[in-house]
Amino acid sequence: MLKILKYSFFDLMRSRWSYIYFLFYLSLGFILLFLNQDVSKAVITLLNIILVLTPLIGTLFGIMYYYNSREFTALLLAQPIKRSNIFLGQFLGISLSLSLSLVLGLGIPFLAYGIFQSTEIFDFFTLLLIGTMLTFIFVALAFNLALIFDDKIKGFGIAILTWLFFAVIYDGIFLILMLVFDDYPLDNFALGATIFNPIDLSRILIILKLDISALLGYTGAVFQNFFGTSFGMIFSFGLLLLWVVIPLIMIVVKSRKKDF
Amino acid sequence: MIIIKDLHKKFGKVTVLKGINLDFPDKGIHTILGPNGSGKTTLIKSILGMVIPNHGSIEFNGKKILGEWEYRNEISYLPQIANFPQNLKVKELFKMINDLRPGAKNESELIAAFQLEPYLNKKLGNLSGGTAQKVNIVITFMFDSPLIILDEPTVGLDPVALIRLKKLIHEEKGKGKTILITTHIMSLVEEISDEIVFLLDGKIYFKGTIDQLKQQTDQDNLESAIANILEGSYA
């Protein structure tokens with residue numbers, strides 16, 4: 001598995017898009033810090049960008065990599081290598097290279113600014129951790145979709161829809177339901193609904209960490225009420241881990257049954 | 001070496017293999033023949049574990065292969081279509097395969113035999129079909145495995161390369177290996193096969209030597225014997 005990981009990782013590292021992704025975060029970090037001069041504001045702005053962008057890039061790279069490397073995969077399948085190792089290796093290769101672009105791209109400007117002297121260091125680390133988790137989650141989801149749909153166009157379309165669903169549509173439906181069922185107690189429903197959206201979970205986790213109640217929103221407030229700040233963070237982090245693990249198990253199960 | 005029992009495979013609504021029972025003994029060249037879409041490649045891919053059968057079992061050296069992967073150490077496989085990662089150089093591909101599967105032996109001799117030196121620094125996506133097939137052949141034969149599976153090995157090869165390939169197959173046979181080949185080139189079949197298996201509509205229509213097939217169909221050359229079977233099946 002490590003060898004597959006190595007090849008996928010270096011394959012992506014040689015690709016132009018990894019550099020563009022890295023340079024985007026690098027310039028974003030510098031611009032935010034020089035315009036703002038305030039680390040905590042910069043972290044909040046970054047939060048909103050990371051919550052939308054890492055899932056999108058993870059989905060796109062995941063699905064594109066799978067379809068583009070089908071030949072390579074077929075070559076590997078005839079070699080004495082365990083099936084699940086091929087796909088898990090590729091998954092880790094993509095996720096790690098994307099995470100590296102994120103961590104280095106944002107880490108360099110913040111280091112240059114002196115994040116280690118600042119009190120916000122842990123907020124910043126939480127942010128990077130969440131970006132990494134979201135990358136892993138959405139690459140895994142993209143791999144699942146790619147394994148289901150052999151048709152490239154179909155798989156690609158559904159992957160984009162999945163991202164759109166979690167990033168935008170989910171919240172929309174949620175808000176409409178809240179408005180419609182205004183008269184009923186919705187706390188438990190809101191809690192339950194949050195669990196099923198990794199982007200919402202990440203938002204709550206980081207806002208609990210930042211301790212800005214104005215940004216918590218309804219679900220965040222319910223979350224904080226229900227679990228308290230520190231337990232709420234552990235709980236949401238645990239759920240995010242599940243969001244990584246379950247799609248990974250699904251990749252292993254699906255790949256075992258698939259014909260190539 | 002390989003024992004196949006009651007193998008069934010469906011792709012969606014299309015049933016490709018309808019109960020294959022086969023036994024490939026050690027040593028010798030076995031040719032799998034059959035019209036397009038008769039299930040040759042599916043059968044081969046089942047042996048490799050790339051296609052998971054709906055029903056039936058395959059044993060390799062006495063062990064069931066379902067979910068296993070170590071047994072592929074003993075197989076060299078030449079896929080039908082030479083699909084390689086497009087932006088890798090030929091040299092890099094060889095290096096990568098060597099890294100993923102240690103134990104390659106005569107890589108440089110094979111590269112010389114198929115005159116691939118000028119292409120080593122070219123990208124795989126820019127190779128012609130025949131050259132890509134030569135790369136494919138080098139990758140297959142550079143491992144010293146007891147079982148060699150060749151799916152349409154002659155596609156796109158020029159006459160010189162074809163002679164080299166036949167020589168290679170003979171050499172490997174001389175080492176006491178088992179070789180499975182699918183092809184549509186009847187002259188090649190007559191030249192090298194010890195035994196042929198004829199697939200028709202996902203079933204085994206005939207298994208035996210070329211002489212037996214000629215006798216059974218009452219024809220005096222292989223091509224017309226095969227044509228005889230096919231016309232019979234279309235009618």
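Let's start with a single side chain: A:Phe124 is buried, at a relative accessible area of 3%. Please keep in mind that this is a predicted model. A search of the whole structure turns up 22 aromatic pairs over all chains, and the structure also holds 17 salt bridges over all chains.

**Aromatic rings in chain A**

- A pair of aromatic rings is described by two things, the distance of the centres and the angle of the planes.
- For A:Phe124 and A:Phe125, the ring centres are 6.4 Å apart and the planes stand at 40°, so this pair is tilted.
- Is A:Phe125 buried or partly exposed? With a relative accessibility of 42%, A:Phe125 counts as partly exposed, whereas A:Phe124 is buried at 3%.
- Among the 22 aromatic pairs found over all chains is a stacked one, made by A:Tyr66 and A:Phe87, with 6.2 Å from centre to centre and 25° between the planes.
- A:Tyr66 counts as buried because its relative accessibility is 2%, and buried means under 20%.
- A:Phe87 counts as buried too, with a relative accessibility of 0%.

**Salt bridges between the chains**

- Side chains of opposite charge can pair when their charged atoms come close.
- One of the salt bridges brings together the side chains of A:Lys3 and B:Asp99, at 3.9 Å from N to O.
- This pair crosses between chains, from helix H1 (residues 2–13) of chain A, where A:Lys3 lies, to helix H2 of chain B, where B:Asp99 lies.
- A:Lys3 counts as partly exposed at 33% relative accessibility, and B:Asp99 counts as partly exposed at 21%.
- B:Asp99 also forms a salt bridge with A:Lys6, where the closest N and O atoms are 3.1 Å apart.
- Why does this second pair join two chains? It does so because B:Asp99 lies in helix H2 of chain B, while A:Lys6 lies in helix H1 of chain A.
- A:Lys6 is partly exposed, with a relative accessible area of 34%.

**Salt bridges within a chain**

- In chain A, A:Asp171 and A:Arg203 form a salt bridge, with 3.6 Å between the closest N and O atoms.
- The two residues are 32 apart and link distant parts of the chain: A:Asp171 is in helix H7 (residues 152–180) of chain A, and A:Arg203 is in helix H9 (residues 198–210) of chain A.
- A:Arg203 counts as partly exposed, at 27% relative accessibility.
- In chain B, a network of salt bridges links B:Lys105, B:Asp144, B:Glu172, B:Lys175 and B:Lys177.

**Patches on the surface**

- Which residues gather in a patch of positive charge on the surface? They are B:Lys89, B:Lys91, B:Lys95 and B:Lys123.
- B:Lys91 has its place in helix H2 (residues 90–100) of chain B and is partly exposed, with a relative accessible area of 43%.
- On chain A, a nonpolar surface patch is formed by A:Leu161, A:Leu164, A:Phe165, A:Val168, A:Ile169 and A:Ile173, which together have about 470 Å² of accessible area.
- A:Ile169, one of the residues in that patch, is found in helix H7 of chain A and is partly exposed at 34% relative accessible area.

**Helix H1 of chain B**

- How many of the 9 residues of H1(B) are buried? The count is 7, so H1(B) is mostly covered, with buried meaning under 20% relative accessible area.
- The buried residues in H1(B) are B:Lys40, B:Thr42, B:Leu43, B:Ile44, B:Ser46, B:Ile47 and B:Leu48.
- B:Leu43, placed in this helix (residues 40–48), counts as buried at 0% relative accessibility.
- B:Leu43 and B:Ile4 are 39 residues apart in sequence, and their C-alpha atoms are 9.7 Å apart in space.
- Just after H1(B) comes B:Gly49, which takes a positive phi of about 80°.

Methods:
Residues numbered from 1 in each chain as written. Chains lettered and ligands numbered in written order. Predicted model: local features only at pLDDT ≥ 70, side-chain atom pairs only at ≥ 80, totals over all residues. Heavy atoms only, no water. Patch = residues over 30% accessible without salt bridge, like charges linked within 9 Å, V, L, I, M, F, W, Y side chains within 5 Å. Areas by Shrake-Rupley, 256 points an atom, 1.4 Å probe, with all protein chains shown as cover. Salt bridge = Lys/Arg side-chain N within 4 Å of Asp/Glu carboxyl O. Lys, Arg positive; Asp, Glu negative; His and termini not counted. Charge placed at Lys NZ, Arg CZ, Asp CG, Glu CD. Helix = DSSP H or I, 4+ residues; strand = E, 2+ residues; numbered from the N terminus. Buried < 20%, exposed > 50% of the residue type's maximum accessible area, 1.4 Å probe, protein only. Phe/Tyr/Trp six-rings, centres within 6.5 Å; stacked < 30°, edge-to-face > 60°.
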